[in-house]
Amino acid sequence: MNSFGKRALGARLERMRASTMWDGLGFRNVHPALPGLRDATVPRPTLKEFLSSGGRRAPTGPLPSHDPREAWSRPVQSGLRATWLGHSTVLIEIDGHRVLTDPVWGTRASPFRLLGPKRFQPVPLRLRQMPEVDVVVISHDHYDHLDYPTIRALAKHSAVPFVTSLGMGAHLQAWGVAAERITELDWWESHRVPNTGLTITAAPSQHFSGRGFKDRNATLWSSMVVQSEQHRVFFSGDTGLTTEYATIRERLGPFDLVMLEVGAFHPAWGDIHLGPVNALKAHALLGGGAFLPVHWGTFSLAMHAWDEPVETLLQLAPSLGVPLLMPRLGEAVEPAHLEGVVPWWRGLDEGVQPARPIEVPALQRDLPWPLD
């Protein structure tokens, strides 16, 4: 099962153990979870409920999708442009360089080919059709952020460097990425990407990690900040709401573009995922900036309707003065040229499909929960 990845050993493990985030057995959230984020009275969904399909957890028709290559061929007028390719995969063009976040081209957010959350539709273009990028940034090791087939393809056909969180290099190396292409960061550590003028900094988030049965929190999870001489971009990875975002603003802000996860939320795990309401609070703590919601519209990873995150954002953000950036899949947009939001996701559901329970193999019942 190569997709499960590998555990860190040797010098890599020693460096992990030197982190203030390490508690002797694994990494931990050092900042206490804010009161009220997790509702202890709400039972967690069963894995059988999670794997059931139907209702409005997935769109019944394809989402509008653009081939971005023609747009990418044109100069970036403002110096900063972003293209949402699905879930948390975004191509950031920043002052002449390209950064790719959490690249996932695989069909399932799962270690298995035939079981697990399946993406609603393909990425707007094939991985081999992507332009060369200057750096790949990976926040943590959950399957909807670290994708085995995608990394294998990048390892074979590209010399792009990877910047990621502590411990993640073991997975990448096991999948064919050369050690010299991997930079692993602890929180508040920075890496200057050679020949670009870009600096990548790992910053706090409130989450967890793990890909299998016995590797809970064996690698670090981070938010990431991409900085050039002219622009700064914040990428949340996965996180619950934390006041550490105010510290991120003070140390690394202000931000021209803020990408925050808004999907896969549930009251029972409100301390490790934002959801739209807490994403707006996180945006305020970060000091504002154009807000591009990610981590939605691609996989069904919670019980809520597939479009609930963006409908809630569209309802609440205007009264808060939050500048939303909500492009279609593959639509390249510049934060400096914000226009009114078009709710392009509406009208896709022609009917509600009945839930289809799926028999859960015994192996699956023991997976970490939630899965991302």
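## Helix α8

Just after α8, Gly 321 has a positive phi of about 70 degrees. This is a predicted model, in which local features need pLDDT of at least 70, side-chain atom pairs count only at pLDDT 80 or more, and totals for chains, interfaces and linings use all residues. Residues are numbered from 1 along each chain as its sequence is written, and side-chain values use heavy atoms, with hydrogens and water left out.

Helices (H or I, at least four residues) and strands (E, at least two) are DSSP runs numbered from the N terminus.

Pro 309, Val 310, Thr 312, Leu 313 and Ala 317 of α8 are buried (under 20% relative accessible area; exposed is over 50%, partly exposed in between; 1.4 Å probe, protein chains only). Their cover includes α7 (275-285) and β13 (290-294), by contact (heavy atoms within 4.5 Å).

## Nonpolar cores

A nonpolar core joins buried Ala, Val, Leu, Ile, Met, Phe, Trp, Tyr and Cys residues through side-chain atoms within 4.5 Å. The largest has 57 residues, and Met 259 is among those with the most contacts inside it. Apart from it lies another core of 23 residues, including Trp 72 and Leu 172.

## Thr 196

Thr 196 sits in the loop between β8 (190-193) and β9 (198-203). Its relative accessibility is 11%, so Thr 196 counts as buried.
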